[in-house]
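Subject: Structure handover

Hello,

Here is the structure I said I would pass on. My notes on it follow below.

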Amino acid sequence: MALPLEEWRVVAARCWAALPPALRERLAAAPLHDAVRLGCSLFRPEAAEALQRLCRRARAGKEPAAARRYREEGNGRFGRRQYREAARLYSQAASFECPDSPDVSLCFANRSAALFHLGHFEACLEDIARAQGHGYPDKLLPKVLLRKAECLLCLGRLQDAAEALSAVEKKLSVHQAMSSAAHQALLKKINQLKNKVHEKENCAEPASEAHDAIQRESDVWEENDSISGACSSLSLKFDLERGRHLVASQDILMGQDLLKEEAFVSVLCPGESLQLPDSNEALWDAQATNADLYCHRCLKQLLASVPCSGCSYAKYCSQNCADLAWKQYHRTECSLGALLLTLGVFCHVALRTVLLAGFAEVSRLVEQSHNDDKDLHNPEARYKHLNKAPNPKVGIPGKAEPLIPGCNDNGQYQSSYQAVFNLLPHTEKHNPEHKFLCMLSVVAICRKIQEAGLEAAVLNQEERDEWLKPRACENGSDELSPQLRIIAEAMLRHVLQLQCNAQAITVMQELGSEDSAVVNKKPVRLATAFFPVLSLLNHSCTPNISVSFNGTAATVRASQPIPRGQEIFHCYGPDRCRMRVAERQQLLRQYFFECRCQACLEELGSDDKSLVSIRNSFCCPSCQASMQGEDTLCCSSGACTLSISRESLSQRLWDLQQQIKKASKLLSDSKSDQAIKMLLKCQSDAGNFLSPDHLLMGKMEDHLAQVYATLGKWQEAARHLQSSIRIVEMHHGPSSVEMGHELFKLAQILFNGFAVSEALSTIQRAEEILSVHCGPQSTQIQELKEMKTCLLELPRSILQRT
């Protein structure tokens, strides 16, 4: 959720509508520092009260009642042997439990049991230590210590396992209150483990050194002298038409790494279920969201999260990540969790950006913007002004132009706060009402910081005591200190920048059951981030690069050969393969430009329909020829005179899509026979009015492949998926990432169906494509390599037969 909750947007809209027209005009034209000053006086008590009510709905604090419910639900899942779900629910319980409560130790102990059954022994040991550190009841310790001994035994740490068993025996000797049956069961288990320790000691094998079976040549990477994280094949340019942009300074090969950049700042997108409807009775949602599945600092997938001791929202992959987050920003954000969840990810990114930059740097750049405000908001004026400066340093080989906004004094463009600050906020282009909403939201955060006594943490400088001395406000209605007004101005700038410069960090997430033989994955938005160097890339509907993510790091690769002198293009939205030019142009207006890329110019200058329109067209229900026209469609066949309204066929298409969704739901509910019956009916209906190459035809083939795969009918599944792949290739191209994902699924089907030669050739094709788009270290590539290794290790006689 990038923007604030809808209810807060409604409140802000009412405040805007109540303003006198002259004040609205003044706000619309006001520079950022004036907008903040006005916003402080316009943040009325009724708006503050409404926001406070909304914040009460956000679950960001400790709630022991919620912790109990999650722990009970986890116990239920554990009893049904759903250990992964149980571990996640115990994690949720731990996050809602107060850190000084003895019950938090139960959460960690229970989670250790789930992790043990999942085979994650190191994580299990860590949770046992956490349980002990949080005061796990002494009378229950023998069972947990016995689990510790089992983990150590499984890890081959025999001496440690023997010592742990001795500790269990000592505990049992002092706990006579334990029932005789339970006591005897533990003693029996201890003896069994002791025997296993002795057996392993007597037949211990020398430990084999861990090594990567596949030696990979390290990528040749020559760092760019002028652009941090970029390869030497790129150069930074600036002109009035294209602004800042990257150009190939030499020929670039397909698949070549062009940029490796760590996000300057990133914020996890929490998930909708964190917001609860108003109710007198608390509702506990056990559904997993991003907030439960990924580390809030490094975005690593969570197995056993470390909760923040102050809030229920922030969770980390390790204590180290938790400590770093606290030091860098979370000591300020912790008590603001409900407010940040209410005001949305963009506001959260803006706050975290200034916290990471530090007040001194924020203040310096804000002050600089006041000195040259007009030029900062008008690149053309700034460019002309700077070029009149005496002795400009130009033409230095291999160096970026020092006149380019965002570069440091040495002419280098770095992934720094200075680069972030110089991203264009397009202040004058934003809708005035939207700008007002952002202003009120930023003022609300800064007022909360001041009220909560967090200003010292935000300023975080040695001189903060001097800054925090009470000062007379220049305007009686201005409640923010001068320092917080600077913070508010920078935050407002960043919120406005994000509309054009926010980068979605995505992750390939599995769909359906994790036990499925065929894993279907789709990209899911995980976080929103600022990547200053990546933001230099201009848009094209036919991009020549592909972007992938590993945690908070982005890697840009050439998706096709790029000749010297050609600009490097990213795609900000659906490309020409997915959407018609008119729809793309409409969508791209949110970025305040009209796309004039080669694809758009070709389509706009041609009377012919785009390939998207042709392939996704309607066909005649009578003779299956293509239908032509606008509001009323007529059969293109001279022998047929049928005409029908576009609205009628569009409604029919919508109905078909709903049926396909129902079939997909049947598949997820393991009702395979019903799913097949419904999908075949959908195929029959679609054939009467859709082009054979329509993407929806491919989607139905894909769903049928999934159903047959769940039934173990591998040949049928492969046949349907190959039909889907034909349509995907026609729409997206033979080397597209969409093709790579489809071939990955086909490789799994052929692997499970024991079609060895076909599987090996499909694996090779999938590897070639996904290596370009996702990188050689991606999980999909690793899975493909494992399948290939397994197939090649089969006996030669079997390989020859297949």
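A residue counts as buried when its relative accessible area is under 20%, as exposed when that area is over 50%, and as partly exposed in between. By that cut-off, 49% of the 802 residues of the protein chain are buried. Please keep in mind that this is a predicted model.

Overall fold

The protein chain contains 34 helices and 15 strands. If we take the contacts between residues at least 6 apart in sequence, 66% of them join residues at least 24 apart.

Annotated span

UniProt, in an unreviewed entry, lists residues 295–334 as "domain: MYND-type". In the model this span is 38% helix and 10% strand, and its end C-alpha atoms are 15 Å apart.

Aromatic pairs

There are 12 aromatic pairs in the structure. One of them is formed by Tyr 70 and Phe 96: the ring centres are 5.6 Å apart and the planes make an angle of 25°, a stacked arrangement. Planes under 30 degrees apart count as stacked. Tyr 70 belongs to helix 5 (residues 64–79) and Phe 96 to helix 6 (residues 83–96), so this pair ties together parts that are 26 residues apart in sequence. Are these two residues buried or exposed? Both Tyr 70 and Phe 96 are buried.

A further pair is that of Tyr 572 and Phe 593, which is edge-to-face because the planes stand at 80°, with the ring centres 6.1 Å apart. The cut-off for edge-to-face is over 60 degrees. Tyr 572 is in the loop between strand 12 (569–570) and helix 24 (581–588), while Phe 593 is in the loop between helix 24 and helix 25 (598–604). The pair thus links distant parts of the chain, 21 residues apart. Tyr 572 has a relative accessibility of 28% and so counts as partly exposed. Phe 593 is also partly exposed, because its relative accessible area is 27%.

Aromatic cluster and a charge

Phe 264, Tyr 417 and Phe 421 make up one aromatic cluster. Which charged residue sits over the ring of Phe 421? It is Arg 493, whose charged end lies 4.2 Å from the centre of that ring.

Regards

Technical notes. Residues are numbered from 1 along each chain as its sequence is written. This is a predicted model: local features need pLDDT of at least 70, side-chain atom pairs count only at pLDDT 80 or more; totals for chains, interfaces and linings use all residues. Side-chain values use heavy atoms; hydrogens and water are left out. UniProt positions are given in the numbering used here, feature names are shortened, and annotations may be inferred rather than shown by experiment. Helices (H or I, at least four residues) and strands (E, at least two) are DSSP runs, numbered from the N terminus. Rings of Phe, Tyr and Trp (its six-membered ring) pair if their centres lie within 6.5 Å; planes under 30 degrees apart count as stacked, over 60 as edge-to-face and the rest as tilted. Buried means under 20% relative accessible area, exposed over 50%, partly exposed in between (1.4 Å probe, protein chains only). A charge sits over a ring if NZ of Lys or CZ of Arg is within 6 Å of the ring centre and within 35 degrees of the ring normal. Contact means heavy atoms within 4.5 Å.
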